[in-house]
Amino acid sequence: MSRPEAASSPRPLREADFSQVEGVFTDVDGTLTTRHRLRAQTVRALERLSEAGLKVVLVSGRPAGWGEAWARTLPVDGVIVENGGLFFVRGGKGLRKVYLEPPAERAANRRRLRSEVLRVLKRVPGAQLSSDSAYTEVDLAIDYNEEARLGDAAAGRIEALLRERGVTAVRSSVHVNCWLGRFDKLIATRRFAREAWGQALRPEDGRFVYAGDSFNDAPMFQAFALSVGVANVRSVLDRIEAPPAFITRAAEGRGFEELARAILGSRDRLQE
């Protein structure tokens, strides 16, 4: 299965071959959510995928506290949070929590990260930590498009200032997420697949889909042959480092529902 070049435009979802799909990794904000809310129809799409025997894993920049709640209450096999800083995986003994870095390194990075972020906040008028940063363990988030309305220019300045300080900073549809450490969504996803299922994710693998919508999804879009952007990804296509291979007609959660129907429809056709 060939992966389109990074510079090419996403192809319509109908051109994707989902016949070999075993699992779906998906972003949350702007991909599952619609106007910041999780619709019942989108939860049902997750349920239908799970009921069909597909693995489903959420991959988000949201805090560890949110991740544990999602892992315990949604029909998913695991949750990767804080842009790859840690993940929750279901196993024979219940829910297991895995960090990407050892305790001493996490603690040192956390102290320095808070100091660097506070310096940057003072330099951008109106910038503040997201309200849910209180529930993070590894990264921090600066709100530019959830409760705050700072705009793209301010978000870009925040990213630039953090990177000048040696902090990794990537933008989701709502926050500028920032961290110190050698991890991201892709690194954590690969480790999750290895630890949870004993499987290696290959670049041209047709077994797994990734769905997303924003800048911090670029590494995943580039790594997955079956990468799918919900339609609202169009707003960043001219600036994202790697676009998705395919795109839905509908935006946000409705786009994910469209993707779920396409995957399940492909499986149904194979069984006919």
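Visitor: Which residue has its charged end over the ring of Trp197?

Guide: A charge sits over a ring if NZ of Lys or CZ of Arg is within 6 Å of the ring centre and within 35 degrees of the ring normal. Here the residue is Lys55, with its charged end 5.3 Å from the centre of the Trp197 ring. Arg106 provides another case, over the face of Tyr99 at 3.6 Å from the ring centre. The model is predicted, so to speak of a local feature takes pLDDT of at least 70 and side-chain atom pairs count only at pLDDT 80 or more, while totals for chains, interfaces and linings use all residues. Residues are numbered from 1 along each chain as its sequence is written, and side-chain values use heavy atoms, with hydrogens and water left out.

Visitor: How many aromatic pairs does a search of the whole structure find?

Guide: Rings of Phe, Tyr and Trp (its six-membered ring) pair if their centres lie within 6.5 Å; planes under 30 degrees apart count as stacked, over 60 as edge-to-face and the rest as tilted. The search of the whole structure gives 10 such pairs. In one of them, the ring centres of Phe25 and Trp197 are 5.8 Å apart and the planes stand at 50°, so the pair is tilted. Phe25 is in strand β2 and Trp197 in helix α5 (residues 185–197), so that the pair links distant parts of the chain, 172 residues apart. Helices (H or I, at least four residues) and strands (E, at least two) are DSSP runs, numbered from the N terminus.

Visitor: Is Phe25 buried or exposed?

Guide: Buried means under 20% relative accessible area, exposed over 50%, and partly exposed in between (1.4 Å probe, protein chains only). Phe25 has 1% relative accessibility and therefore counts as buried. Trp197, at 22%, counts as partly exposed. Phe25 also forms a tilted aromatic pair with Phe208, 5.8 Å centre to centre and 50° between the planes. This pair too links distant parts of the chain, as Phe208 lies in strand β10 (residues 208–212), 183 residues from Phe25 in strand β2. Phe208 is buried, at 0% relative accessibility.

Visitor: Which residues form one aromatic cluster?

Guide: The cluster is made up of Phe25, Phe87, Phe192, Trp197, Phe208, Tyr210, Phe221 and Phe224.

Visitor: In what order do the strands of the open sheet come?

Guide: Strands of a sheet pair through backbone hydrogen bonds, either parallel or antiparallel. Two strands pair if DSSP finds at least two bridges between them. Nine strands make up this open sheet, in the order β1-β12-β11-β10-β2-β3-β4-β5-β6, with mixed pairing. At the edges are β1 (11–12) and β6 (94–99), each of which pairs on one side only.

Visitor: Which strands pair with β3?

Guide: β2 pairs with β3 in the parallel sense over four bridges, and Val56 in β3 is the bridge partner of Val24. Three bridges join β3 (residues 55–59) to β4 (residues 78–81), again a parallel pairing.

Visitor: Which helix lies across β3, β4, β5 and β6?

Guide: Axes are lines fitted to C-alpha atoms, for helices over the stretch in contact, and angles run from 0 to 180 degrees between N-to-C directions. Helix α2 (residues 64–73) lies across β3, β4, β5 (86–91) and β6, and runs at about 20° to β5.

Visitor: Which residues does Glu258 touch?

Guide: Contact means heavy atoms within 4.5 Å. Leaving out residues up to four places away in sequence, Glu258 touches Leu13, Thr248, Arg249 and Ala250. Glu258 belongs to helix α7 (residues 252–271), and with 7% relative accessibility it counts as buried.

Visitor: With which side chains does Ser19 make polar contacts?

Guide: A polar contact is a pair of N or O atoms within 3.5 Å; within protein, one must be able to donate a hydrogen and the other to accept it, and residues adjacent in sequence count only if both atoms are side-chain atoms. The side chain of Ser19 has such a contact with that of Asp17, at 2.6 Å, and with that of Gln20, at 3.5 Å. Ser19 lies in the loop between β1 and β2 (23–26).
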